[in-house]
Amino acid sequence: MSEPRRRAATRSLMDIALPILVFLGAIGLWEAVVRLNDIQPYLLPAPSLIAQTIIKDWPLLSGSLWVTVKITFSALLLAIAGGVLLAVLFSQWKWVERSFFPFAVILQVTPIVAIAPLLLVYLDAQNAVLACAFIVAFFPILSNTVIGLASADRSLVELFQLYRASRWRQLTLLRLPSALPYFLGGLKIGGGLALIGAIVAEIAAGSAGQGTGLAFRIAEAGYRLNIPRMFAALVLISVTGIAIFLFFSGLSRLLLGRWHDSERDHET
Amino acid sequence: MTMLARLSGVSKTFANGTLALRSLDLNIGDGEFLTLLGPSGCGKSTALRLLAGLMPPSEGTVSWKAGATPEIGFVFQEPTLMPWASVFDNVWLPLRLRNQSRKTATKEIEQALALVGLGDVAHVYPRELSGGMKMRASIARALVTHPPLLLLDEPFAALDEITRFKLNNDLLRLKTELGTTVVFVTHSVFESVYLSSRIAVFSARPGRVIAEIDIPEPLPRDENFRLSPAYAEHCRVVSQALQRAMTDQAA
């Protein structure tokens, strides 16, 4: 092994090992502080207790986790379908974009916490949660895809004109592939936001005594002063968020790895 | 020489008011290698795009011997390959837009790639290629439909000199082998003399042809031609014409 390569290998090992070590150190410190100061679990549970709670309450929590994951991904799928469809319409007809983009912006800038209670008036709890998650996930996917569709190489567009390609061909063979990196960027943001939207809406709905997702478990455990369970549910939400992020990062690498510069660093 | 196309009284004004070309008259002979030479922004690329039918002229006409626009191959300043597709699939594109399946087009694609010496890297993605190889792929894509007319818009401007000389030789070889009519845009006097059978010198914006110079040296040309006194003499004449074009602009 050559010297520069060995150095690179050492560095990539450090890149992985260092964050893990720091993370474990922080958990260890938390555990130590709780034990040494004899802090009561209803004030701050130790990480070991949270882990035990996740295992002990798994039948209850896993059901809620499933509900939250299902809502998040349903909302995300709807946001992808709606966002991409609308972006394509925008790209084909400028007047559609000018007419409807303001609505998308209004939905985006109005805080979701403020919309949730209103949605609960019109929809049943589950659909209201779904609608909230959809609204927040929708915009980044839409706006990124719109930019992506418009960013096709000018000369390639001319080339398609030269060969008299139909609008449909130009869309499928040129504009959609050009938009893919932007779309995947929007998906990474939208995926995280869909989870946040689902949680926020469920907190709002949960106070009305409805819903069974993880956010509801947090609210419910809070009323019962079951602090370890609150933390356990929180950990599961975080893990879900991380999993969503990793999933879309992996998808992006899979789809763009061979050709797009944004995934270039993963080579070697 | 029979005529392939004629631009007569062609003017082009862009939407922002820029007058790019003013009453341009230009004949394109069948089988010639015509170079449009001029300073940056003189409208020579615009003339090429009008010829390709990528934009309509504001005034005047573009007429074709055959009546309708023939098959045209176009090579841009940049290689403009689709980064998400392999070299093979990039060259397939013009045929694909003509509803030819990948399978039925395979022979044509392989021929086009062999012409430019890229047979070995057919399944490589563009970003793994050098600048010169990308440009070769772009030329293969333009040639895959066997166009009688090939338009090139400063294709080698971004390449280093060694690669450019090599591609100049390849282009001349292709031209001799295929008999294609070529219209080539450049701002390099040396490149224009080396390649062309005729040079149209453009004045700066608004562009028009201020000199047409024949380079009656026979093909094939090679490095010996580059070093010959005749080459130097042609370069001198063309440089002077270009100089006049530039002072016209200053006046």
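How far apart do the C-alpha centres of domain 1 of chain B and domain 2 of chain B lie? They lie 25 Å apart, in a predicted model where local features need pLDDT of at least 70 and side-chain atom pairs count only at pLDDT 80 or more, while totals for chains, interfaces and linings use all residues. Residues are numbered from 1 along each chain as its sequence is written, with chains lettered from A and ligands numbered from 1 in the order in which they are written.

In chain B, the domain assignment, whose bounds come from an automatic or database source, gives domain 1 as 3-70 + 151-250 and domain 2 as 81-147. Their contact (C-beta atoms, placed from the backbone, within 7 Å) takes 10 residues from domain 1 of chain B and 6 residues from domain 2 of chain B.

Between the chains, 14 residues of chain A are in contact with 14 residues of chain B. On the side of chain A, two or more residues each come from α7 (154-162) and α8 (167-206), helices being DSSP runs of H or I of at least four residues, numbered from the N terminus; α7(A) gives the largest share, 6 residues.

Within chain A, the axes of α3 (residues 58-92) and α9 (residues 214-223) come within 7 Å and cross at roughly 135°. Axes are lines fitted to C-alpha atoms, for helices over the stretch in contact, and angles run from 0 to 180 degrees between N-to-C directions. The helices α3(A) and α9(A) are therefore oblique, the class left when angles under 35 degrees count as roughly parallel, over 145 as roughly antiparallel and 65 to 115 as roughly perpendicular.

| Helix | Residues in the α3(A)–α9(A) contact |
|---|---|
| α3(A) | A:L61, A:S64, A:L65 and A:T68 |
| α9(A) | A:L214, A:F216 and A:R217 |

How values were computed: Two residues are in contact if their C-beta atoms, placed from the backbone, lie within 7 Å.
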